[in-house]
Amino acid sequence: MRTVKVYEESWPLHSPFVISRGSRSEARVVVVELEEEGIKASGECTPYPRYGESDASVMAQIMTIVPQLEKGLSRQQLQSLLPPGAARNAVDSALWDLEARRLGVSLEEHLGVALPEDLTTAQTVVIGTPEQMAASAAALWEKGARLLKIKLDDRLISERLVAVRTAVPEATLIVDANESWHSEGLAARCQLLADLGVAMLEQPLPANNDAALENFIHPLPICADESCHARSSLKTLAGRYEMINIKLDKTGGLTEALALASEAQAQGFALMLGCMLCTSRAIAAALPLASKARFADLDGPTWLAVDVEPALRFSTGQLHL
């Protein structure tokens, strides 16, 4: 018989995290803890309001399957009980963790995945004035970051990007518009990004209004984030996107994420591995996918004033494994 605990945690940030939908001062996560035959395991998720999730709704979803979990629910059975999303991710991650701990190996070893000693991760430059963003990019570069993710809304696109590129002429830049752009003027903006050497544009249009990307000729890869959750999303992405951003909180855990990665690559999509604001616990659950990704954006824990123990070891722009 398993014992199951489900609870919320709040982790303060060391500075506000600003995106196009507002500013946050803390990361709120939901944790599932399992104990079976003396072995303890855990999984974490970050409820995301953009997807209609809250701490309360995710907790309620998980509680509906606690009786099955206590009786030995498997990962395979879980997939049909909860939909893709944060709730299923917390449970799926805990079950993967339990499997690995039973075997006395890491999750990557359990899956036969080899990871590098050091993994390059994007460091995020949050929305601000052009001067603020340029200063942030320069400071991150000086500390060792070589891949910078530039958050944008629908204002001051050229001013912000020119300022950032001037500050860090050698950095690899990826841009996340967070669904804030419109089809009008998109071609000119894509050309601007290409001219500035931006390597990829993430989710420029709202997920429910990205049909304008159909057969849209663009000079740099466009990556689906909000438009891509699980394998069922892929059928609408061909001809619109070249990449997909896989996040366990969207897929509903590593089980679906691994299947999504395999099917997406078979269809010709390149992969990005992303995260929400989270602790090292959530990043560890996603690491088996890291070797498949062209870009890793796993800096969620670096925004925390304090991390879960044991924490992964980050330096600016690097995850040391």
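Biologist: How many helices and strands does the secondary structure of the protein chain come to?

Modeller: This is a predicted model. In it, the secondary structure of the protein chain amounts to 11 helices and 14 strands.

Biologist: Why is the protein chain described as being as compact as a globular protein of its length?

Modeller: For 321 residues the globule rule gives 20 Å. The chain is close to that figure and is therefore as compact as a globular protein of that length, its radius of gyration being 19 Å.

Biologist: What share of the residues in the protein chain is buried?

Modeller: A residue counts as buried when its relative accessible area is under 20%. Of the 321 residues in the chain, the buried share is 55%.

Biologist: What share of the contacts with a separation of 6 or more comes from residues 24 or more positions apart?

Modeller: A contact requires heavy atoms within 4.5 Å. Among contacts in the protein chain with a separation of 6 or more, residues 24 or more positions apart account for 68%.

Biologist: Which element supplies the largest share of the lining of the largest pocket?

Modeller: The largest pocket holds about 760 Å³ of space and is lined by 33 residues. The largest share, five residues, comes from α4.

Biologist: Which residues lie nearest the centre of the largest pocket, and how many residues of its lining are charged?

Modeller: Nearest the centre are Ser42, Asp97, Arg101, Arg281 and Ala284. By class, the lining contains 16 nonpolar and seven polar residues, and the charged ones number 10.

Biologist: Which element gives the most to the lining of the second largest pocket?

Modeller: About 310 Å³ of space lies in this pocket, and 16 residues line it. At least two lining residues each come from β5 (123–125), α6 (130–142) and β13 (313–315), as well as from β1. The most, four residues, is given by β1.

Biologist: How many residues in the lining of the second largest pocket are polar?

Modeller: His14, Gln123, Thr124, Leu140 and Trp303 are the lining residues nearest the centre of this pocket. The lining as a whole has seven nonpolar residues and one charged residue, while the polar residues number eight.

Definitions and conventions: Residues are numbered from 1 along each chain as its sequence is written. This is a predicted model: local features need pLDDT of at least 70, side-chain atom pairs count only at pLDDT 80 or more; totals for chains, interfaces and linings use all residues. Side-chain values use heavy atoms; hydrogens and water are left out. On a 1 Å grid over the protein atoms alone, a cavity is a set of points where a 1.4 Å probe fits but cannot get out, and a pocket is an open set with protein on both sides within 12 Å along at least five of seven lines; lining residues have an atom within 4 Å of a point. Grid points are joined across faces, edges and corners, and a volume is the space filled by probe spheres set on the points. Ala, Val, Leu, Ile, Met, Phe, Trp, Tyr, Cys and Pro count as nonpolar, Asp, Glu, Lys and Arg as charged, and the others, Gly among them, as polar. The radius of gyration is taken over C-alpha atoms; the globule rule is 2.2 Å times the number of residues to the power 0.38. Buried means under 20% relative accessible area, exposed over 50%, partly exposed in between (1.4 Å probe, protein chains only).
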